Amino acid sequence: MAQTAGILLNRVAKVAGVIPYFMTIDKVKFRKLVKPGDQMRIEVELTNIRSKSAKFQAKALVDGVLASEPK
């Protein structure tokens with residue numbers, strides 16, 4: 001989810017060559033085991049952006065079933 005958020009940030013901020021750094025995970029619940037061969041859909045929403053930082057909400061779904069989300 002963090003990698004997907006980094007890709008989104010690079011596209012939204014339109015800054016080429018900048019590497020985003022992952023800083024924290026706040027209150028995340030892992031609800032389902034993801035196994036090799038599962039198709040995982042990651043949905044990321046940019047909630048706050050500043051000059052040097054950004055916050056995201058993300059969730060992961062496997063076969064339409066929630067696998068991970070913020071509490």
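1. A residue counts as exposed when its relative accessible area is over 50%, and as buried when that area is under 20%. By that cut-off, Gln3 and Arg11 of helix α1 are exposed. Keep in mind that the model is predicted.

2. The buried residues of α1 are Ala5, Gly6 and Leu9. Looking down the helix axis, these buried residues fall within an arc of 105°, so they line one face of α1. Their cover includes strands β2 (40-49) and β3 (54-62).

3. The helix geometry checks out. Helix α1 covers residues 2-13, which makes 12 residues. At 1.5 Å a residue the helix should span 16 Å, and its end C-alpha atoms are 16 Å apart, so the two values agree. Just after the helix, Lys14 has a positive phi of about 55°.

4. Now the sheet. Four strands make up an open sheet, in the order β1-β4-β3-β2, with antiparallel pairing. Strands β1 (28-30) and β2 are at the edges. Each of these two has a single partner strand, so one side of each lacks a neighbour in the sheet. On average, neighbouring strands are turned by 20° against each other, direction ignored.

5. Take the pairing of β3 with β4 (residues 65-70). The two strands run antiparallel and are joined by three bridges. Leu61 has Leu66 as its bridge partner in β4.

6. How does the helix sit relative to the strands? Helix α1 packs on the sheet and touches β2 and β3. The direction of α1 makes about 50° with that of β2.

7. Ile49 deserves a separate look. This residue lies in strand β2.

8. Which residues does Ile49 contact, leaving aside neighbours within four places in sequence? They are Leu9 and Ala54. Leu9 is one of the buried residues of α1. Ile49 and Leu9 stand 40 residues apart in sequence, yet their C-alpha atoms are 8.9 Å apart in space.

Definitions and conventions: Residues numbered from 1 in each chain as written. Predicted model: local features only at pLDDT ≥ 70, side-chain atom pairs only at ≥ 80, totals over all residues. Heavy atoms only, no water. Expected span 1.5 Å × (residues − 1). Buried < 20%, exposed > 50% of the residue type's maximum accessible area, 1.4 Å probe, protein only. Arc of directions from axis to C-beta. Contact = heavy atoms within 4.5 Å. Pairing = 2+ DSSP bridges. Axes fitted to C-alpha atoms, helices over the stretch in contact; angles between N-to-C directions.
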